[in-house]
Amino acid sequence: MWLNKKTKPAASTSPEIDLDKVPAHIAIIMDGNGRWAKQRGLPRVAGHHSGMRNVKKITMAANELGVKVLTMYAFSTENWKRPKEEVEFLMKLPQEFFPLEIEELIQNNVRIRMTGWKEGLPDYTLKAIEGAIERTKDNTGLILNFALNYGSRKEMLVGVQNMIQDVKAGSLDSTEIDEACFSSYMLTSDLPDPDLLIRTSGELRISNFLLWQLAYSELWFTDAYWPEFTEDLFLQAIAEFQRRGRRFGGI
Ligand code: IPE
Ligand code: IPE
Ligand code: MG
């Protein structure tokens with residue numbers, strides 16, 4: 001509806017967005033599902049379910065603004081520490097999410113991808129996400145990137161181990177290991193670094209998410225729990241991003 005216009009018209013309280021300065025890559029730490037549920041006297045998993053239902057809305061808003069990549073932190077390498085039942089519930093969400101949303105995502109030219117380790121994920125989880133990746137592989141719009149079984153320290157360690165192997169094998173010269181080379185060993189090697197990181201739920205930390213890639217990202221936090229994160233808050237984050245001066249170490 002606001003495509004082809006320079007700014008998104010302010011609907012009621014929504015801030016104006018300059019469509020020429022939309023962040024290319026937005027990463028979101030979708031946090032607070034458990035507390036959202038607790039606040040309502042519901043089991044934690046009800047919060048995860050509600051959180052899942054919020055993903056499409058924000059994806060569509062991002063797509064409409066012309067965001068290129070939306071990375072959603074869905075499950076960390078540390079989240080395996082949670083009770084077995086909760087982990088199992090989370091692992092079953094993709095097989096509910098994709099059948100429910102895939103048609104609309106396809107209609108909107110969204111491409112699904114995943115950043116994380118496939119090893120360790122149950123077969124049904126992998127099947128759901130790989131099916132969605134396959135069905136959307138030719139789409140050219142927004143990349144909806146799920147960080148699933150992802151941890152940044154592991155990503156960097158594995159990257160370093162792979163570099164050492166390649167040096168030993170003779171396919172990499174150790175003197176060529178610069179930032180671009182290091183980036184190419186990250187799981188996100190084909191993506192631009194995030195311009196904007198959003199974390200919900202009031203926690204002010206990174207929780208092992210994209211440590212290398214976030215070096216110069218703008219950080220934006222909200223107290224809202226993920227299930228109650230609205231399109232309006234999303235626009236507020238982008239509007240704030242557009243007011244900031246990114247210097248990358250310069251002046
Ligand atoms: C985020 O919500 C979802 C995942 C980490 C999978 P949480 O489950 O962490 O919710 P809180 O932080 O306990 O409220
Ligand atoms: C980060 O949230 C991981 C995801 C949102 C998937 P956590 O709830 O796991 O992070 P901590 O434990 O509060 O740092
Ligand atoms: Mg949490």
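Which residues does UniProt list for "binding site" in this unreviewed entry, and where is Glu-218 placed?

Modeller: Before we start, a word on the ground rules. What you see is a predicted model, where local features need pLDDT of at least 70, side-chain atom pairs count only at pLDDT 80 or more, and totals for chains, interfaces and linings use all residues. Residues are numbered from 1 along each chain as its sequence is written, chains are lettered from A and ligands numbered from 1 in the order in which they are written, and side-chain values use heavy atoms, leaving out hydrogens and water.

Now to your question. For "binding site", the unreviewed UniProt entry lists Asp-31 and Glu-218. Of this set, Asp-31 is taken in by the lining of the largest pocket. UniProt positions follow the numbering used here, feature names are shortened, and annotations may be inferred rather than shown by experiment. A pocket is found on a 1 Å grid over the protein atoms alone: it is an open set of points where a 1.4 Å probe fits, with protein on both sides within 12 Å along at least five of seven lines, and lining residues have an atom within 4 Å of a point.

Glu-218 is placed in strand β8, residues 218-221. Strands (E, at least two residues) and helices (H or I, at least four) are DSSP runs, numbered from the N terminus. Glu-218 has a relative accessible area of 14%, so it counts as buried; buried means under 20%, exposed over 50%, and partly exposed in between, using a 1.4 Å probe and protein chains only. Setting aside residues up to four places away in sequence, Glu-218 touches Asp-195, Leu-196, Leu-197, Phe-241, Arg-244 and Arg-246. Touching is a contact, meaning heavy atoms within 4.5 Å.

The unreviewed UniProt entry lists Asp-31 and Asn-79 for "active site". These span 49 residues in sequence, yet no two of their C-alpha atoms are more than 12.0 Å apart, so they gather at one spot. Asp-31 and Asn-79 from this set are both in the lining of the largest pocket.

Let's zoom in on Asp-31. You'll find it in the loop between β3 (25-29) and α1 (33-39). With 16% relative accessibility, Asp-31 is buried. Its contacts beyond four places away in sequence are with Arg-199, Thr-200, Ser-201, Glu-203, Tyr-225 and Trp-226. With one of these, Ser-201, the Asp-31 side chain makes a side-chain polar contact of 3.0 Å. That term covers a pair of N or O atoms within 3.5 Å; within protein, one must be able to donate a hydrogen and the other to accept it, and residues adjacent in sequence count only if both atoms are side-chain atoms.

As for Asn-79, look in the loop between β4 (69-76) and α3 (84-107). Asn-79 also counts as buried, since its relative accessible area is 16%.

Finally, step back to the whole protein. Its secondary structure comes to seven helices and eight strands. Of its 251 residues, 49% are buried. Among contacts with a separation of 6 or more, 76% are between residues 24 or more positions apart. The C-alpha atoms fill a box of roughly 60 × 50 × 35 Å along the principal axes.
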